Amino acid sequence: MGKQEDANLILKLYEIRREPVMREARNWFFSFNPTSAAEYMDAMMGEHSGHLRMVISYWDMAASMVNNGAIDEQMFNDANGEHLFIFAKIEPILEELRQQWNQPDMLKHFETLIRRIPDNKEKLAGMRERIKMITAMMAERAKTAKA
């Protein structure tokens, strides 16, 4: 497959991310910061279940396309950063989720893609630090807006 087809698939994935319900799900996920499998499960059973499942399954699906050669990996990683952001939020609880659900391959495609990114552990740790900073800034803004 040529670079043109890879680019077209990446653009199609981007179009899906712009779809109104997916955009709503991504906006919700931006402020979703689970610290345990229990918090993740609360979201799965709550009003944002569809949002959670939509975002997580989207990135696992996209990763599967890359892992199976349908999309050039370098081009995909160059064109996206959100997958690191999403995985950084899920990684600390992924093993707990796999054990709790007895699904050792849960998000296998997603994890496989991320693990091949050079310095992925450092990048994910840095992303988690940025997430903490953003969360603190959002909390401060909310507090200021109420005052």
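Helices (H or I, at least four residues) and strands (E, at least two) are DSSP runs, numbered from the N terminus. By that definition the protein has 8 helices and 0 strands. This is a predicted model, in which local features need pLDDT of at least 70 and side-chain atom pairs count only at pLDDT 80 or more, while totals for chains, interfaces and linings use all residues. Residues are numbered from 1 along each chain as its sequence is written, and side-chain values use heavy atoms, with hydrogens and water left out.

The C-alpha trace spans about 55 × 35 × 30 Å along its principal axes. Of the 147 residues, 39% count as buried (under 20% relative accessible area, 1.4 Å probe, protein chains only).

Helix H4 (residues 49-67) has 19 residues and reaches 27 Å from its first C-alpha to its last, close to the 27 Å expected at 1.5 Å a residue (1.5 Å times one less than the number of residues). Its buried residues include Leu 52, Val 55, Ile 56 and Trp 59. What covers the buried residues of H4 includes helices H1, H2, H3, H5, H6 and H7. After H4 comes Gly 69, with a positive phi near 85°.

Helix H6 (residues 82-101) packs against helix H8 (residues 120-146) at an angle of about 90°, with the axes 9 Å apart. Axes here are lines fitted to C-alpha atoms over the stretch in contact, and angles run from 0 to 180 degrees between N-to-C directions. H6 and H8 are therefore roughly perpendicular (65 to 115 degrees). The contact (heavy atoms within 4.5 Å) involves residues including Phe 85 and Phe 87 of H6 and Leu 124 and Met 127 of H8.

Note on methods:
Angles under 35 degrees count as roughly parallel, over 145 as roughly antiparallel, 65 to 115 as roughly perpendicular and the rest as oblique. Buried means under 20% relative accessible area, exposed over 50%, partly exposed in between (1.4 Å probe, protein chains only).
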